[in-house]
Amino acid sequence: MEPRVNLSKSDPAAYAALLAMNKAASDSANAAGIDPKLRELLKVRASQINGCTYCLRMHTRDALELGESTDRLAVVSAWADSEYFTAVERAALALCESITMVSVDHVPHGVYTMARAVLSDEQISAVAWLSAAINMFNRVAITSRYPVKP
């Protein structure tokens, strides 16, 4: 594979800003009461949609370390068709998916209404910022072709 520019190293200031944004999003998620395992599920789901192998490996491992079950990780790509996820998790996953695929459906009213029914304003904001952060990390890793080796 042809080597690519590593975006995180070629512009450390921009990458530091992304890291700071991610920390702020994580802090907001903590303050809003978003469960750490759910945060990792959101990162896994966005990374699945974007096809980011590097982030998928990282966040799957992080979820397992937090005690997430292998069953839930195995079915997160089909969360809507399973009974593994709570109403809060389903709303957060739907919102994250819509934000990740914003060019397809612009976060439809139905998804937002579903989120609004079970998430506080602070939780909706936290899910949106977490989704924005992982999508940016996915784009950096994919564009740079971060290596993923066994």
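**Exercise 1. The buried side of H3**

Task: In this predicted model, find which residues of helix H3 are buried, and say what they pack against.

Solution. 
Step 1. Start with the list: Leu38, Arg39, Glu40, Leu41, Leu42, Lys43, Val44, Arg45, Ala46, Ser47 and Asn50 are the buried residues of H3.
Step 2. Now set that list against the length of the helix. Because 11 of its 15 residues are buried, H3 is largely enclosed by the rest of the structure.
Step 3. Look for the partners. The buried residues of H3 pack against H2, helix H4 (53-65), H5, H6 and H9.
Step 4. Check the helix geometry as well. From first C-alpha to last, H3 reaches 21 Å, close to the 21 Å expected at 1.5 Å a residue.

**Exercise 2. How H3 meets H6**

Task: Describe the packing of H3 (residues 36-50) on H6 (residues 87-100): the axes, the handedness and the residues in contact.

Solution. 
Step 1. Take the axes: they come within 10 Å and cross at roughly 35°.
Step 2. Collect the contact residues. H3 contributes Leu38, Leu41, Leu42, Arg45, Ala46, Ile49 and Asn50, while H6 contributes Val88, Glu89, Ala92, Leu93, Cys96, Glu97 and Thr100.
Step 3. Sort them by class: 9 are nonpolar, 2 polar and 3 charged.

**Exercise 3. A network around Arg72**

Task: Which residues are linked with Arg72 in a network of salt bridges, and how far apart are the bridging atoms?

Solution. 
Step 1. Begin with Glu68, which forms a salt bridge with Arg72; the closest N and O atoms are 2.6 Å apart.
Step 2. Go on to Glu89, whose side chain meets that of Arg72 at 2.8 Å, N to O.
Step 3. Locate this second pair: Glu89 is in helix H6 and Arg72 in helix H5, 17 residues apart, a link between distant parts of the chain.
Step 4. Check burial. Arg72 and Glu68 are buried, and Glu89 is buried as well.

**Exercise 4. The contact of H6 with H8**

Task: Work out how H6 packs on helix H8 (residues 109-118), and sort the contact residues by class.

Solution. 
Step 1. The packing angle is about 145°, with the axes 9 Å apart.
Step 2. H6 passes H8 in a left-handed crossing.
Step 3. On the H6 side are Ala87, Val88, Arg90, Ala91, Ala94, Leu95 and Ser98, and they meet Val111, Met114, Ala115 and Val118 in H8.
Step 4. These residues divide into 9 nonpolar, 1 polar and 1 charged.

**Exercise 5. Two serines**

Solution. 
Step 1. Ser26 lies in helix H2 (residues 12-32), and with 17% relative accessibility it counts as buried.
Step 2. Beyond residues up to four places away in sequence, Ser26 touches Arg39 and Leu130.
Step 3. Ser77 lies in the loop between helix H5 (70-75) and H6. With 41% relative accessibility, Ser77 counts as partly exposed.
Step 4. Leaving aside neighbours within four places in sequence, Ser77 is in contact with Arg45 and Gln48.
Step 5. For one more distance, take Ser77 and Leu41: they are 36 residues apart in sequence and 9.7 Å apart in space, C-alpha to C-alpha.

Definitions and conventions:
Residues numbered from 1 in each chain as written. Predicted model: local features only at pLDDT ≥ 70, side-chain atom pairs only at ≥ 80, totals over all residues. Heavy atoms only, no water. Axes fitted to C-alpha atoms, helices over the stretch in contact; angles between N-to-C directions. Helix = DSSP H or I, 4+ residues; strand = E, 2+ residues; numbered from the N terminus. Left-handed = near helix turned anticlockwise from the far one by under 90°. Contact = heavy atoms within 4.5 Å. Nonpolar A, V, L, I, M, F, W, Y, C, P; charged D, E, K, R; others polar. Buried < 20%, exposed > 50% of the residue type's maximum accessible area, 1.4 Å probe, protein only. Salt bridge = Lys/Arg side-chain N within 4 Å of Asp/Glu carboxyl O. Expected span 1.5 Å × (residues − 1).
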